[in-house]
2 protein chains.
Amino acid sequence: MSDLFFERVAFIGIGHIGSSLARLLRREKIAGTIIACARRKETLDAVLRLKLAEEVTDDPAKAVENADLVVIATPLSTYGDIGKAIAPHLKPGAIVTDVGSVKELVIRDFVPLMPEGVHVVPGHPVAGTENSGPESGFPEVFRDRWCILTPVPFGNADALDKITRMWKSGQMQVATMDAAHHDRVLAITSHVPHLIAYTIVGTATDLEDTLKSEVIKFSASGFRDFTRIAASDPVMWRDIFLNNREAVLEVLQRLNEDLTAMQRAIRWGEGDKLQERFAKTRAIRRSIVEAKQA
Amino acid sequence: MSDLFFERVAFIGIGHIGSSLARLLRREKIAGTIIACARRKETLDAVLRLKLAEEVTDDPAKAVENADLVVIATPLSTYGDIGKAIAPHLKPGAIVTDVGSVKELVIRDFVPLMPEGVHVVPGHPVAGTENSGPESGFPEVFRDRWCILTPVPFGNADALDKITRMWKSGQMQVATMDAAHHDRVLAITSHVPHLIAYTIVGTATDLEDTLKSEVIKFSASGFRDFTRIAASDPVMWRDIFLNNREAVLEVLQRLNEDLTAMQRAIRWGEGDKLQERFAKTRAIRRSIVEAKQA
């Protein structure tokens, strides 16, 4: 892996995932100089305090100058503006990658903004905790998880290889797939589960105060797991839903039908139906344990 | 706590929670002889192999003979038959308690079956993992969790005190409340979250095979937590939904309205609404972390 080295790496956005990657690049000696770009001064102060970067700026155009690798790690709604801002300043031959949770729209709206001679490798490390901000990152967050790359047609093979090896250095398994397919899979495994968690915790938020305080007190059997998921970054998740709308709505529709069937079975006391359904889901859990993703 | 000792303790049902309590009673020297009753021979064999009880039987009537404490730890649908079977054989002055997740129906259908002179203390330790069976129990499962007791009107104060101290010996915090209120709180914190988890994992189970295998592979961001919850015992959960029908259906109805509102906001691109909703739920998570239930 000795040839996997980027003299100058620019992070546009350096929250939970961005800062985890920055730490990984440091640990693995993959990055020379790191420059971090963020909008908020507190973020940039934290980055310097944590020694995550040598240089900081709030100007994406300045950040990417002379960068060999540019990592976009901001909420999806910022991609368009960032693309326009950085395009004229990218060095020929630079690799641009991202860590966004939706890929089809990124490829459609962001990739065409990139100038010729710049190599784009859209990516999504399927990892992370519910925490946000540069303080919350750690390089082990990627270990044993999957990173999905959705290469553009006729993309640069060398760039794809380097980004693949970069994630592998964090002990990730790397898969490549079509962007639309990625978005459908993630709608089921991640986006809709998050929406459900946000919703059920929201439903509890609307309860009268005495009941709410008891919900918190007795949260230890199910609800707690939902609150952990529902503590994730609101802006990041807003953007995910808005940018993966079709796939999310399709899964929600299926889920809604299934939930209505469950509701009906409870109302009419159809115990056999419930039990049969509950027994089936155990099999999926076993597969996940076997796939070492538990 | 020297007077907290039961010469003879009968467990009717000895799965995850029952066996955890049996282990606790041993560790704390609260039980003399333990007798375990289960329907399946494999369970009884496991109980003997694990030395959880001195005696085993598949006959509840025989199990409770001369018992000073009887713990019902079976699925809720068995309570009626068990009540009828054990009633004529209970020793006067015996304490009967249970660990069921629904309390109002238990009090309505089970308590009246108990003969006079026997003291019933309905209880619910809000603890446990997704695992089942006597092998899966461990006494630390109760630590720092809540146990809710729903005492019957004009119940025996000494019996209530002993059951309270029994759970406290496992470092549980003990609360008492009205059974109907318990069922409403648990519908939100536990029953509906489990139903949702079962449903979404079920929806994934119905996917075409290639997509399903990818859902397993990339489960690490949200979905995984749901599969853990959805791996819980199917019979136990069937009985919970059938026995807490009204409260569960009421919460489901609220949830459904909220989910429809989310769905609509995604369809119409109402980012502000989504973000506002997502930001609110973070506050509940913080309260849970502060309440040390995280």
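Q: Into which domains is chain A divided?
A: Chain A of this predicted model splits into domain 1 (6–177) and domain 2 (181–290). Their C-alpha centres lie 30 Å apart.

Q: What makes domain 1 and domain 2 of chain A count as being in contact?
A: Contact requires C-beta atoms within 7 Å. By that test, 14 residues of domain 1 of chain A are in contact with 16 residues of domain 2 of chain A. The domain 1 side has six nonpolar, five polar and three charged residues.

Q: How do you know that the copies meet through the same surface?
A: Of the interface residues of chain B, 100% are also interface residues in chain A, so the surface is the same.

Q: Which residues and helices build the chain B side of that contact?
A: The contact takes 77 residues from chain B and 77 residues from chain A. On chain B, helices 7, 8, 9, 10, 11 and 12 each supply at least two residues of the side that touches chain A. Helix 7 of chain B (179–205) gives the largest share, 18 residues. By class, the chain B side divides into 43 nonpolar, 19 polar and 15 charged residues.

Q: Which residues in helix 8 of chain A are called buried, and by what criterion?
A: A buried residue has 20 or more other C-beta atoms within 10 Å of its own. In helix 8 (residues 209–217) of chain A, A:Glu214, A:Val215 and A:Ile216 are buried. The buried residues of this helix pack against helix 7 and helix 9 of chain A, together with helix 7 and helix 12 of chain B.

Q: What makes a set of residues a nonpolar core, and how many are in the largest?
A: Its members are buried and joined through C-beta atoms within 7 Å. The largest such core has 200 residues. Those with the most contacts inside it include A:Phe11, A:Val70 and B:Val70. Helix 7 of chain A gives the most to this core, 13 residues.

Q: With which residues is B:Val70 in contact, leaving aside neighbours within four places in sequence?
A: Among them are B:Ala10, B:Ile12, B:Val64, B:Ile86 and B:Leu90.

Note on methods:
Residues are numbered from 1 along each chain as its sequence is written. Chains are lettered from A and ligands numbered from 1 in the order in which they are written. This is a predicted model: local features need pLDDT of at least 70, side-chain atom pairs count only at pLDDT 80 or more; totals for chains, interfaces and linings use all residues. Two residues are in contact if their C-beta atoms, placed from the backbone, lie within 7 Å. Helices (H or I, at least four residues) and strands (E, at least two) are DSSP runs, numbered from the N terminus. Ala, Val, Leu, Ile, Met, Phe, Trp, Tyr, Cys and Pro count as nonpolar, Asp, Glu, Lys and Arg as charged, and the others, Gly among them, as polar. A residue is buried if 20 or more other C-beta atoms lie within 10 Å of its own, exposed if 12 or fewer, and partly exposed in between; C-beta atoms are placed from the backbone. Domain bounds come from an automatic or database domain assignment.
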